[in-house]
Amino acid sequence: MPGILSFDDLKSLVANGTIDTVLTCLVDMQGRLMGKRFHAVNFVENSYKETHCCNYLLATDLEMATPEGYASSSWQSGYGDYVMKPDLGTIRLMPWLEGTAMVLCDILDHHTHEPISHSPRTILKKQVTRLKTLGFDAMMATELEFFLFEQSFDDIRKSGFREMRPISGYNEDYHILQTTKEEGVMRPIRNHLFAAGIPIENSKGEAETGQEELNIRYADALDCADHHTIAKHAVKEIAWQQGRAATFLPKWDHTKVGSSSHVHQSLWQGGEPAFYDKSDNLGMSDLMRHYMAGLIAYSPDYTYFLAPYVNSYKRFSKGTFAPTKSVWSVDNRTAGFRLCGDGTKGVRVECRIGGSDINPYLAQAVMLAAGIKGIEDKMKLAPATTGDVYEDSKAADIPQTLRMATEKLRASEFLRTALGDDVVDHYTRAAEWEQEEFDRVVTDWEIARGFERA
Ligand code: ADP
């Protein structure tokens, strides 16, 4: 891919003045890029080895609060440092920013230089390694859906989030005429990301006013999560450059369809698709059936990682293409898990539960863990569901609230074994905190409903 740089490439571009800034980034619990903007000369001479950050970056929320209850970081322990260790295999251009390259970092303990277990990249790497020990590689693709608005982030914020005008006036699903009108934002998104080494497949209009989808070619799980994170970041920055806003909030208006991030998954062995068996009527290997059985059976345990905020659960509503049931089906968009590419080497499972607010490292890691459990225990896959799954009363429900998902996470023996108790406790605390913050606040809905009439 163009745009991916070796360390030597970077040094040459710095020496000839093409690059003057290196964004040195970690991925936080929310899936955001956080870090520092290095002068490129300092980076190539010194800071490529390591830099530092406050350890609250992996124990905060969207508002950068300092919640109590995390074992890893606290006022008590003085909020010390982590080491940010640049992964020099992830250096790339950021063509939408002048003279700028970026690198992703792994997070290490300040003293021992051991990986920090609750860092999203560490969590995914651990599951990828487990899978490699079984002899398989995971190929994943995460779709990015979001809404574009006429106004900028600042204008929307200044209006108290009341003046929010989607960029189109009608449902633009697959709409070429409407998406032509949005090329001022979407074309630079596709082209700059491609030039940054992200294998963009396409963008398309989605099934709401102002809703977009961006598709990236499937890749190794860790690359896929890196691609997703950088692409989401670029969408916001490029929208901002064009005076527009883009939101990945899964449900910004309860009368409209929400935004998801479907995750396509397949396992490979020696470069060949291990989910494919041509003798099966759907082309599914036994390995795929075991993987899917684990994926489905443990989905309540890991739903939190697919829906990490109070708002995420507003998306799960009937008749909106967002699933409500944890079952599988063949090419049927009403179920939580959809078999795609049946009968072909591209056979794969798409999990449709995740919202556009997922942290892709965490979402992929827990799904791989569930699939591995299915393989290890040779779990049996139930027959596919058919018809309108929304109305199937026998099909298991996806946890319907953050509270329910938090309790499933806290009690999950499977996740405690796969991720470690410390990791499950850390993210359970994040989930609790999110709910506590919501419970504390008086919402617009309560005021409008009760101010006069209560
Ligand atoms: P949809 O109709 O859901 O948009 P697409 O055919 O566009 O489906 O594919 C969606 C995603 O699936 C793309 O990002 C593509 O790269 C990915 N994909 C294709 N084959 C595989 C595979 N074998 N494993 C994982 N992902 C795959």
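1. The lining of the largest pocket holds 20 nonpolar, eight polar and 18 charged residues. Here Ala, Val, Leu, Ile, Met, Phe, Trp, Tyr, Cys and Pro count as nonpolar, Asp, Glu, Lys and Arg as charged, and the others, Gly among them, as polar. This is a predicted model, in which local features need pLDDT of at least 70, side-chain atom pairs count only at pLDDT 80 or more, and totals for chains, interfaces and linings use all residues. Residues are numbered from 1 along each chain as its sequence is written, and side-chain values use heavy atoms, with hydrogens and water left out.

2. The largest pocket is lined by 46 residues. Leu 62, Phe 161, Thr 247, Leu 249 and Asn 311 lie nearest its centre. A pocket is an open set of points on a 1 Å grid over the protein atoms alone, with protein on both sides within 12 Å along at least five of seven lines; lining residues have an atom within 4 Å of a point. The volume of the largest pocket is about 2,600 Å³. Volume means the space filled by probe spheres set on the points, which are joined across faces, edges and corners.

3. Among the elements that each supply at least two residues to that lining are α4 (153–158), β12 (245–247) and α14 (444–450). α7 gives the most, with six residues. Helices (H or I, at least four residues) and strands (E, at least two) are DSSP runs, numbered from the N terminus.

4. The structure holds one cavity of 30 Å³ or more. A cavity is a set of grid points where a 1.4 Å probe fits but cannot get out. The largest cavity has a volume of about 160 Å³ and is lined by 16 residues. α13 supplies the largest share, four residues. The lining comprises 11 nonpolar, three polar and two charged residues.
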